[in-house]
Each structure stands twice: as C-alpha cells, then as structure tokens.
Amino acid sequence: MSRVQRGSVLLSGVLAAVIFAASGAAQQRGAPVAPPGPSADQAMAALHAAQEAATALGVSLSCAVVDSRGDLIALARMDGARFFTTDVARGKARMSALFGRPSGDMADFGNSPAFQSFNETLSGPLYPFQGALPIMRNGELIGAMGCSGAASQVDEDAVRTALSVF
Amino acid sequence: MNQITRISRAIVAIMLVAGCVTASAGAPAELTAQTGPQRLTLSEAQAIIAAAQRDAASKNLRLSIAVVDGRGDLIAATRMPDARPTTMDTAIGKAMGAAIFGRPSAELAERANSSLYQNMNEATGGRLRFFQGAVPIVRDGYTVGAVGASGASSQDDEDNVKAALAQWASAVGL
C-alpha cells in the first residue's frame with residue numbers, strides 16, 4: 001500500500017471513530033446500576049394488598065416499599081391516615097432494609113448511643129419500631145416494606161399480609 | 001310573678017343554655033386528615049401518577065413522580081423502573097414547594113435564595129426543592145395538592161406532570 005493510500009485508510013478510520021463516538025454522546029444517560037430492590041409493579045401490588053388488609057382491619061395506614069439501600073420505591077397514604085405516618089412508614093422500612101430484620105427487633109439499637117449519628121447521617125429519619133419487615137428474593141435481601149397508622153402490631157400484620165405478593 | 005322572679009328565671013335559663021353549648025363544644029373533635037373542600041384522595045393521587053407514568057414511558061423517560069396534599073404532605077409516590085434513586089426525594093420536594101406556595105415550582109426557583117424560602121425549607125426539615133418540575137393541583141379554585149416529577153431535564157419533568165394532570169382532569173371531568 002502506498003503512503004497516500006495508508007493515509008486515506010487512517011483518515012477514514014479516524015473519521016469513523018469520531019462519528020461513532022459522536023452518535024454515542026447523543027444517547028440518553030445510562031440507566032443506573034442501582035442496588036437490588038422490588039420492581040415498581042411489585043411495590044404497587046404490595047401497597048394495594050396492604051391497603052386491603054388495612055381496610056379489613058378497619059384502619060387507615062401509610063405504607064412504604066424501599067429497596068435494599070432503603071431508598072423509596074413506592075409509597076401510599078390511605079385517606080384518613082395522619083400526615084406523619086408517611087415518615088414513620090418510610091423510616092421503619094428503611095430500618096428493616098438496612099439491617100435485614102423486622103424493624104421491631106431494632107429497639108436496642110435505637111437506644112444505643114450510635115443510633116443518633118446513624119440517624120443523622122442517613123437522609124430521612126429512621127424509626128426502630130415494629131411495623132416493617134424485610135423483603136427477600138431467593139434468599140437475598142432486596143428491600144423492605146413498612147406501614148404506620150395503627151397499633152404497631154397491626155402495622156406489622158398489614159405488612160406481613162402484603163408481602164405474600166413476593 | 002314579680003319582676004325579680006322573672007329576671008332570675010331568665011338568668012337561670014340563659015345559664016342552662018350556655019352550659020349546654022359549652023358542654024357540646026367541649027366534646028373532642030374527630031381527628032381528620034385534612035379539612036377544606038374536595039380534598040385529594042389516595043385514589044386520585046394514584047390515578048395522576050399512573051397518567052404521569054404512561055406519559056413518561058411514551059417518551060422513554062425514567063422518572064419518579066410524587067403527589068402531595070394541600071398542606072404539602074405526601075400522599076403517594078412511585079419510582080419508575082431504572083429511574084435514578086435520588087429522583088424520589090427531588091420529586092417530593094418539588095411537589096411540596098408547589099403545594100405550599102400554590103405555584104409551579106419553576107416560579108420558586110428564581111427566589112430560592114430568599115430568606116422566606118430558606119426559612120420555609122428549614123421548617124420542612126430541608127425537604128423542599130426549588131426546581132422546575134411540579135405544578136399545583138387546583139379544584140374549585142382551591143389548591144388541593146401538587147404533583148412533581150424528577151429524572152429527566154426539568155422542562156421534561158414539568159411537561160410530564162402537566163400532561164398527567166391534563167389527562168386526569170379530562171378523565172374525571174374537571
């Protein structure tokens with residue numbers, strides 16, 4: 001191949017690479033590789049099931065589904081549930097997801113001096129009270145669901161009923 | 001009956017009536033989630049979010065969408081598949097601002113650094129987000145809540161919630 005021919009091939013190669021890269025740059029930002037969690041559809045199904053359980057128990061609850069990092073996937077506050085129950089449901093769910101245990105089992109941690117800084121550094125209040133349960137998939141912790149608005153045992157019962165969708 | 005007896009009986013009657021009124025006023029009020037006309041229900045909030053999800057999916061957007069009530073308190077929120085996790089709190093924060101101030105959150109963005117807005121944000125525990133992407137939900141002239149989205153450009157977010165509201169409003173005949 002002559003030098004001119006080699007130069008042309010090289011130039012074509014560079015141009016092709018630039019065009020390829022340019023079209024790549026115009027694409028949408030990539031989807032995040034997020035921590036494992038229930039799908040949005042599963043979360044909605046669980047919330048719906050919890051709502052039915054709550055209605056059957058004669059109570060109005062807020063319920064929240066979070067992923068394994070404790071980030072919210074979906075939340076629903078039933079008509080009549082007090083406004084702060086959303087925070088408590090989220091906080092119990094996050095508590096359960098972070099430790100992979102029922103939030104009601106975390107009371108001792110709640111009383112420990114470590115809890116305060118833990119609570120402050122993680123965005124959103126944590127509530128180490130009964131009413132949230134972890135969500136497992138094939139033996140792996142993928143998140144949690146918490147409810148608030150009634151007696152804590154009632155909250156937990158609504159969650160337990162709802163988790164049968166998983 | 002003499003004058004004095006008539007007056008004393010009148011006084012006793014008035015006191016009895018006053019006592020009854022006070023007694024009934026003292027009865028504990030039922031705890032209600034919200035007062036005011038036509039408060040937004042969970043069912044309505046979820047319908048608005050579903051409309052937003054359909055609109056977002058049609059444009060290949062991955063959003064979180066949140067609906068708050070007239071006080072700015074959260075009613076419902078959903079993070080669409082593959083939406084960035086932090087978009088949830090942003091959507092909620094935009095919606096809260098829109099509901100509290102009764103304005104599209106885009107209008108709040110200009111004054112975000114004012115002391116009024118900073119104080120209000122402190123009062124909510126720092127949850128407000130003064131960015132475009134949320135609009136109030138108005139019914140019968142009342143702000144009954146707001147809907148906010150996050151996950152795309154702020155204009156896309158705002159277009160999404162406006163489309164969702166328009167679709168919901170026409171579906172329910174508003």
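## The hairpin of E3(B) and E4(B)

B:Asp140 has a positive phi near 55° in the hairpin formed by E3(B) and E4(B), where 2 residues lie between the strands. Helices (H or I, at least four residues) and strands (E, at least two) are DSSP runs, numbered from the N terminus. Strand E3 (residues 134–139) and strand E4 (residues 142–150) of chain B run antiparallel and are joined by 6 bridges; two strands count as paired if DSSP finds at least two bridges between them. Within this pair, B:Arg139 stands opposite B:Tyr142 in E4(B).

## Basis of the model

The model is predicted: local features need pLDDT of at least 70, side-chain atom pairs count only at pLDDT 80 or more, and totals for chains, interfaces and linings use all residues. Residues are numbered from 1 along each chain as its sequence is written, while chains are lettered from A and ligands numbered from 1 in the order in which they are written.

## Chain B as a whole

Chain B contains 6 helices and 4 strands, and from the N terminus on its elements follow the order α-α-β-β-α-α-α-β-β-α. Of its 174 residues, 42% are buried; a residue is buried if 20 or more other C-beta atoms lie within 10 Å of its own, exposed if 12 or fewer, and partly exposed in between, with C-beta atoms placed from the backbone.

Contacts in chain B with a separation of 6 or more come to 66% from residues 24 or more positions apart. Two residues are in contact if their C-beta atoms, placed from the backbone, lie within 7 Å.

Leaving aside residues up to four places away in sequence, B:Val147 touches B:Ala95, B:Ile48, B:Ala134, B:Val135 and B:Ile137, among others.

H3(B) is mostly covered, with 14 of its 15 residues buried. After H3(B) comes B:Gly102, with a positive phi near 65°.

## B:Gln132 in its loop

B:Gln132 belongs to the loop between helix H5 (115–123) and E3 of chain B. Is B:Gln132 buried or exposed? B:Gln132 is buried, because 22 other C-beta atoms lie within 10 Å.

Not counting residues up to four places away in sequence, B:Gln132 touches B:Ser105, B:Ala106, B:Ala109, B:Ser154, B:Gln155, B:Asp157 and B:Glu158. B:Gln132 and B:Gly148 are 16 residues apart in sequence, and their C-alpha atoms are 8.8 Å apart in space.

## Where the chains meet

The contact takes 20 residues from chain A and 19 residues from chain B. On the side of chain B that touches chain A, the elements giving two or more residues are helix H2 (42–58) and strand E2 (74–79) of chain B. E2(B) supplies the largest share of that side, 6 residues. By class, that side of chain B has 10 nonpolar, 3 polar and 6 charged residues; Ala, Val, Leu, Ile, Met, Phe, Trp, Tyr, Cys and Pro count as nonpolar, Asp, Glu, Lys and Arg as charged, and the others, Gly among them, as polar.

Strand E2 (residues 72–77) of chain A runs antiparallel to E2(B), and 3 bridges join them. A:Ala74 stands opposite B:Thr78, and A:Ala76 stands opposite B:Ala76.

E2(A) is mostly covered, as 6 of its 6 residues are buried. Within chain A, E2(A) pairs with strand E1 (residues 62–67) in the antiparallel sense over 5 bridges, and A:Val66 has A:Leu72 as its bridge partner in E2(A). The hairpin of E1(A) and E2(A) has 4 residues between the strands, and A:Gly70 takes a positive phi near 95° there.
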